[in-house]
Amino acid sequence: MNLWESFTLALSSIWNHKIRSILTMLGIIIGVSAVIIVVAIGDGARQQMADDLFSTDENAIPLYFEQTTYEENGEMMWVEPPAVTGEQLDAVKEVAGVKYVLGTNSGWGTMNHNEHTADMEIIGVDNQYFIAKDLTLLEGRRLNTRDNDSYSRVAMIDSLTRENMFAPDEEAVGAIIDINDNPYKVVGVYESTLPPEFRHMEEFSNGQMLMPRTLISMMFGSPEIDTINVIAEQPDNLTETGFAAAEKLTELTGSEEGMYVAEDMSAYVEEFDSFYMTITLFISSIAGISLLVGGIGVMNIMLVSVTERTREIGLRKALGATRGQILRQFLIESVTLTSLGGLIGIGFAALVTAVLALVLPFSPIINPVVVIIGILFSSMIGIVFGILPANKASKLSPIDALRYE
Amino acid sequence: MIRLSQLTKTYGSGSLAVPVLRGIDLEIGDGEFVAIMGPSGSGKSTLMNIIGFLDKQTGGTYSLNGEDVKQANEKQLAGLRNKHIGFVFQQFFLLPRLNAQKNVETPLLYAGISKKERTARALGLLNKVGLKDRTGHLPSELSGGQKQRVAIARALVNQPTVILADEPTGALDSKTGAQIMDLLTELNREGKTVIIVTHEEEIAAYTDRIIVLRDGLIVEDRKVTS
Ligand SMILES: Nc1ncnc2c1ncn2[C@@H]1O[C@H](COP(=O)(O)OP(=O)(O)OP(=O)(O)O)[C@@H](O)[C@H]1O
Ligand SMILES: [Mg+2]
């Protein structure tokens, strides 16, 4: 009797006891699918998080001001970030590994044009912004140093604004638009870089706008630079470069009560990883218990099966089956049973993750390594918990087995 | 050639020891047709089981074709059963979930015969025992006589030299029993050694030699004259 024949024999014996087999496999199904689902959710969430953190600018890292003193004379103290100037940022740019330092500010304005009204974000930029962000110019020109120096009342609109607020055949460059009841001149149109999920939000549906940051500061009474992003030459050294740039900026601004720090994105990921590792371990240990209980269930059923089939075993021995052949038959049966449980568990996990992908804000990612481990592990359970019943079957004396009532 | 000398079988040990066979001397030549008779509990089945390698003797020797089988280990015994012996049981002992053909094929699985040859041999034998049109039937769809025919086909499929039938007609009515005996007689004519256990004189009358056991000893061994 070759392996394939033993296997088909095992399958038919499992098939003959459908309900019992399914119930026996339940522990294995739950254990295997739980691990696959949990790991898939974790991988999906992690991927989403990494995308969110790094997608907009893979090699950009924000610098922000963190106060080091919180109290003065027993009272809570709020430290105003120091005013950062363009010259200081130019000095930070000289730090090794730094490619660009982007100082921006922003505000929200109401734009009126052609009977259309839209609230939109206006980003105050300098002349480097366009190159550093690698924006695509569609029409007109970029903002330049002179625009900033002379507080020019000019704006660049993005492709979304062009589409939504202008007629297709209308000349956008040179048009005068109205923002917060003041006129501004459009000098250029650029390709929008808003991610798709933002475009669905009402406040971004009509795009964004760029203006000289000096102008924004004047319009909104805000600092000329309130957001600082460092772009590294090498994305790999992003965090180190960010730290060096932050140190330099702290030195330049000379604040006593606070310092500039770079946001360490990899720390978020690491934190998430360790948090998720805890959950994975927890679920895995529950799954492990489920598999153990499943394995004991398999052993129990196999023992019952051996007892039920005592006569069959006796007969097979009388017909010439050796101990090894009987042992193999029962072992293959229990391995088939648990592997089938593992396969059903994988199928179930695939189904659940497919449903979860529709419900969750991210898609769970099934890890093929976990799937393979799931199959191997469930087969192993079949061997470990099948060996005892199989051994018992093989040791039956044919004559006693045949006489068994 | 089956040769038993001073063969004993004792169940249990010490004060609980039950001697079942107490010194059997017996020779059965190739191609003989033998009936073993005797009262219930006299040790007939025990003797058959030892001859069929299902059980081991406690003392004495058993040699098959001149070879002492005392030294045979578990695996060799399985091989001897598979190669030399075809069993027919009173309760048929067919595997209930397998059809007639698959039941007949079972010993061939353990002999490592290819699927093609298994099918050919099983169908050939089912044809021989008159069940040509029942090959796909499950045991539950067969009459007692048909079941026993399947069992006989199964006993023959490995081309054994010896057919052991412990009360093969015990669960059948006399007419069906007679048909089974006709079949066994035919097999004997073709050269098989056939040994049956029976309680019935009419059944024993089909054979050429009757051995009577009582309390674990052979008390009579005679030729049948027809
Ligand atoms: N496993 C065993 N343990 C103890 N005693 C046994 C065992 N098997 C059989 N015996 C005893 O051995 C004796 C012979 O049994 P056996 O089955 O050989 O008789 P038999 O001649 O075939 O009887 P029957 O005609 O009723 O089938 C009986 O007394 C029985 O109780
Ligand atoms: Mg008996």
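In this predicted model, the C-alpha centres of domain 1 and domain 2 of chain A are separated by 58 Å. Domain 1 of chain A is made of two stretches, 3-52 and 269-403, and domain 2 spans 83-254; these bounds come from an automatic or database domain assignment. Because the model is predicted, local features need pLDDT of at least 70 and side-chain atom pairs count only at pLDDT 80 or more, while totals for chains, interfaces and linings use all residues. Residues are numbered from 1 along each chain as its sequence is written, chains are lettered from A and ligands numbered from 1 in the order in which they are written, and side-chain values use heavy atoms, with hydrogens and water left out.

The UniProt record, an unreviewed entry, marks residues 21-42, 275-306, 335-359 and 365-388 of chain A as "transmembrane region". UniProt positions are in the numbering used here, feature names are shortened, and annotations may be inferred rather than shown by experiment. In the model, residues 21-42 of chain A are 100% helix and 0% strand, with end C-alpha atoms 31 Å apart. Residues 335-359 of chain A are also 100% helix and 0% strand, and here the end C-alpha atoms lie 36 Å apart. Helices (H or I, at least four residues) and strands (E, at least two) are DSSP runs, numbered from the N terminus. The unreviewed UniProt entry also places "domain: ABC3 transporter permease C-terminal" at residues 285-398 of chain A. Over that range the chain is 87% helix and 0% strand, and its end C-alpha atoms are 43 Å apart.

A:N2 lies in the segment before α1 (3-16) of chain A. With a relative accessible area of 42%, A:N2 is partly exposed; buried means under 20% relative accessible area, exposed over 50%, and partly exposed in between (1.4 Å probe, protein chains only). A:N2 and A:Q325 are 323 residues apart in sequence, but their C-alpha atoms are 9.6 Å apart in space.

Helix α9 of chain A, residues 238-253, contains A:T253. A:T253 has 17% relative accessibility and therefore counts as buried. The side chain of A:T253 reaches the backbone oxygen of A:T250 at 3.2 Å. A polar contact is a pair of N or O atoms within 3.5 Å; within protein, one must be able to donate a hydrogen and the other to accept it, and residues adjacent in sequence count only if both atoms are side-chain atoms. A:A244 lies in helix α9 of chain A too, but its relative accessibility of 30% makes A:A244 partly exposed. Between A:A244 and A:V261, 17 residues apart in sequence, the C-alpha to C-alpha distance is 9.2 Å.

Backbone angles come next. Most residues other than glycine have a negative phi, and most peptide bonds are trans. A:Y151, which is not a glycine, has a positive phi of about 50°. A:Y151 is in the loop between α5 (145-149) and β7 (154-158) of chain A, and it is partly exposed at 40% relative accessibility. In chain B, B:Q6 is not a glycine either and has a positive phi of about 50°. B:Q6 sits in strand β1 (residues 2-11) of chain B and is partly exposed, with a relative accessible area of 46%.

Elsewhere in chain B, B:T58 occupies the loop between α1 and β4 (59-64). B:T58 is partly exposed, with a relative accessible area of 46%. The C-alpha atoms of B:T58 and B:L7 are separated by 7.5 Å, although the two residues are 51 residues apart along the chain.

The last stop is ligand 1. Residues from chains A and B surround ligand 1, so the site is shared between chains. There are 13 residues around ligand 1, of which B:S40, B:G41, B:K44, B:S45 and B:T46 come nearest; a residue is near a molecule or strand if one of its heavy atoms lies within 4 Å of it. Helix α1 (residues 44-51) of chain B gives the largest share of this shell, three residues. By residue type the shell has three nonpolar, seven polar and three charged members. Here Ala, Val, Leu, Ile, Met, Phe, Trp, Tyr, Cys and Pro count as nonpolar, Asp, Glu, Lys and Arg as charged, and the others, Gly among them, as polar.

Oxygen atoms of ligand 1 take part in several polar pairs. One lies 2.4 Å from a polar side-chain atom of B:S40. An N or O atom in the side chain of B:S45 is 2.7 Å from an oxygen atom of ligand 1, and a polar backbone atom of B:G43 is 3.0 Å from an oxygen atom of ligand 1. On its own, ligand 1 has 630 Å² of accessible area, and the protein covers 64% of that area. Accessible areas come from the Shrake-Rupley method with a 1.4 Å probe; for residues, only the protein chains shown count as cover.
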